[in-house]
Amino acid sequence: QLGFALSDLGNNAKAIACFKQVLKKNPLSPEAHFGLGNVYFDETRMSKTIREYKKALKLAPDYEGARVGLGDAYLETGRIKQAEREYRKTLSYFPFSFLAHIGLGDVYLERKDLGSALKEYQIALTLNQRSVYAHIGVADVFLARKNFKKAVSEYEKAIKLAPGFVRTYFYLGNVYLTLKQLKKAEALYKKTLELNPNFEDG
């Protein structure tokens, strides 16, 4: 638990040390491998991320977080088929996993299959109406379809649900920039940098 708390606070070095200490005492802890995978994912150390999630799943094949996390890591590294496989495996264990449906939505979005992507994100929202990532996914689909009004609406819902989630402000700013509503775009970019001065794309 301490490792997860340290990770949530952004203290990755101490979180890694904590999880490794747990594994010294209990090498068969899937939670510690999962925690390490999360920290490595946060640091975009994808080979280590994948290694740790796989170790967690070897110990606990039905570990939802690790299974979805492995799918996310594959997606992040462009391995779309492997990502889809992990999301579908998750659903074989947990048919109502909104996280797996979001993952499948992301897979379809990568493939430019907007209809299937939207369907998956909407399923995720029926399972968890407060899912920020599902709302962002729906917004991304509408944006790809150039339905800017609906895209704005979904990004705004995501902001309302998670006011501290930086990237949503940036995405919404991009929409307003496309619409040439420069003052709104500028305000959202400023908000992005206010929340995270080191935001790379801001």
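**View 1. Overall fold of the protein.** The protein comprises twelve helices and zero strands. The model is predicted. From the N terminus on, its elements run α-α-α-α-α-α-α-α-α-α-α-α. The C-alpha trace spans about 55 × 35 × 25 Å along the principal axes. The radius of gyration is 18 Å, which agrees with the value near 17 Å that a compact globule of 202 residues would have. Buried residues account for 44% of the 202 residues. Of the contacts with a separation of 6 or more, 39% join residues 24 or more positions apart.

**View 2. Packing of helix 10 against helix 11.** The axes of helix 10 (residues 148-161) and helix 11 (residues 166-178) come within 9 Å and cross at roughly 160°. Because of this angle, helix 10 is roughly antiparallel to helix 11. The crossing of the two helices is left-handed. Helix 10 contributes Phe 148, Val 152, Tyr 155, Glu 156, Ala 158 and Ile 159 to the contact, and helix 11 contributes Thr 168, Tyr 169, Tyr 171, Leu 172, Val 175, Tyr 176 and Thr 178. By class, the residues of this contact divide into ten nonpolar, two polar and one charged.

View 3. Arg 67 lies in helix 5, which covers residues 64-76. With a relative accessible area of 8%, Arg 67 is buried, since the limit for that class is under 20%. Leaving aside residues up to four places away in sequence, Arg 67 touches Leu 57, Pro 61, Glu 86, Lys 89, Thr 90 and Tyr 93.

Key
Residues numbered from 1 in each chain as written. Predicted model: local features only at pLDDT ≥ 70, side-chain atom pairs only at ≥ 80, totals over all residues. Heavy atoms only, no water. Helix = DSSP H or I, 4+ residues; strand = E, 2+ residues; numbered from the N terminus. Buried < 20%, exposed > 50% of the residue type's maximum accessible area, 1.4 Å probe, protein only. Contact = heavy atoms within 4.5 Å. Axes fitted to C-alpha atoms, helices over the stretch in contact; angles between N-to-C directions. Parallel < 35°, antiparallel > 145°, perpendicular 65-115°, else oblique. Left-handed = near helix turned anticlockwise from the far one by under 90°. Nonpolar A, V, L, I, M, F, W, Y, C, P; charged D, E, K, R; others polar. Rg over C-alpha atoms; globule rule 2.2 N^0.38 Å.
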